[in-house]
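Q: I would like to learn how to read a protein model. Could we go through a few features together, one at a time?

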Amino acid sequence: SVTLMGRTRVDCCSRRGECGNTAEHCSCSDCVDYSVIYRDWRESGGKIKWRYDGRCGRWNPLPDNSPAECDPDGENPCCSYRWGGMCGNTAEDCSCNGCVDYSVIYRDWRESGGKIKWRYDGRCGRWNPLPDNSPGECDPDGENPCCSYRWGGMCGNTAEDCSCNGCVDYSVIYRDWRESGGKRKWRYDGR
């Protein structure tokens, strides 16, 4: 532990959710050592997007507060919200409602040379980033071209998805951009 401004910094969280620096806080199977998470993230220059402890999702953020992902090339590429967000590889982890298979997201993005701007799972916005950290968009030519912040960022096609405050209709953005021959540099919504 380190003392800063009269306070002792603690690095670990026990399975009971208590903070401390003892073996009970740092070395148990369910413990989280945040010093390791911060060290790994800093050493990668902020590029590593998954945690050593296999936890994922927005309830298990990285040091920049972005939701932790699962290693798309590792043994457990899927984020399941079971047990508060854990990486796994079973059908229960990869195909459930709300689960994310990062191996598919990264595969699609890599195969497109980074040109695909939307995700297979229909999630969008800053809480659902692409591998390059840009916010996930919605397929402008698909059935659900609008990004709504309902349910944490989902693509949809209702007035509630396309016209709400903060919603983005990608069909309009891409239509305007295509009509300008790719020269238009601004969006209809002022963003």
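Q: How many residues lie between S11 and S12 in their hairpin?
A: Strands, like helices, are DSSP runs numbered from the N terminus (strands E, at least two residues; helices H or I, at least four). Here S11 and S12 form a hairpin with five residues between them. In the turn, Asn-133 has a positive phi of about 75°. Keep in mind that this is a predicted model, where local features need pLDDT of at least 70 and side-chain atom pairs count only at pLDDT 80 or more, while totals for chains, interfaces and linings use all residues. Residues are numbered from 1 along each chain as its sequence is written, and side-chain values use heavy atoms, leaving out hydrogens and water.

Q: In which sense do S11 and S12 pair?
A: Two strands pair if DSSP finds at least two bridges between them. S11 (residues 125–129) and S12 (residues 135–136) pair in the antiparallel sense, over two bridges. Pro-129 has Pro-135 in S12 as its bridge partner.

Q: Is Asp-121 buried or exposed?
A: Buried means under 20% relative accessible area, exposed over 50%, and partly exposed in between (1.4 Å probe, protein chains only). Asp-121 is buried because its relative accessible area is 14%. You will find Asp-121 in the loop between helix H4 (102–111) and S11.

Q: Which residues is Asp-121 in contact with, leaving aside its neighbours within four places in sequence?
A: Contact means heavy atoms within 4.5 Å. On that basis Asp-121 touches Val-100, Ile-105 and Met-154.

Q: Which side chains make a polar contact with the side chain of Asp-121?
A: A polar contact is a pair of N or O atoms within 3.5 Å; within protein, one must be able to donate a hydrogen and the other to accept it, and residues adjacent in sequence count only if both atoms are side-chain atoms. The side chain of Asp-121 makes one with the side chain of Arg-119 (2.7 Å) and another with that of Arg-123 (3.0 Å).

Q: Which residues line the largest cavity?
A: Rolling a probe the size of a water molecule over the atoms shows where empty space is left. On a 1 Å grid over the protein atoms alone, a cavity is a set of points where a 1.4 Å probe fits but cannot get out, and lining residues have an atom within 4 Å of a point. The lining of the largest cavity includes Trp-41, Leu-62 and Asp-64, along with Pro-129 and Asn-133.

Technical notes: 1 Å grid on protein atoms, 1.4 Å probe; cavity = no way out; pocket = protein on both sides within 12 Å on 5 of 7 lines; lining within 4 Å.
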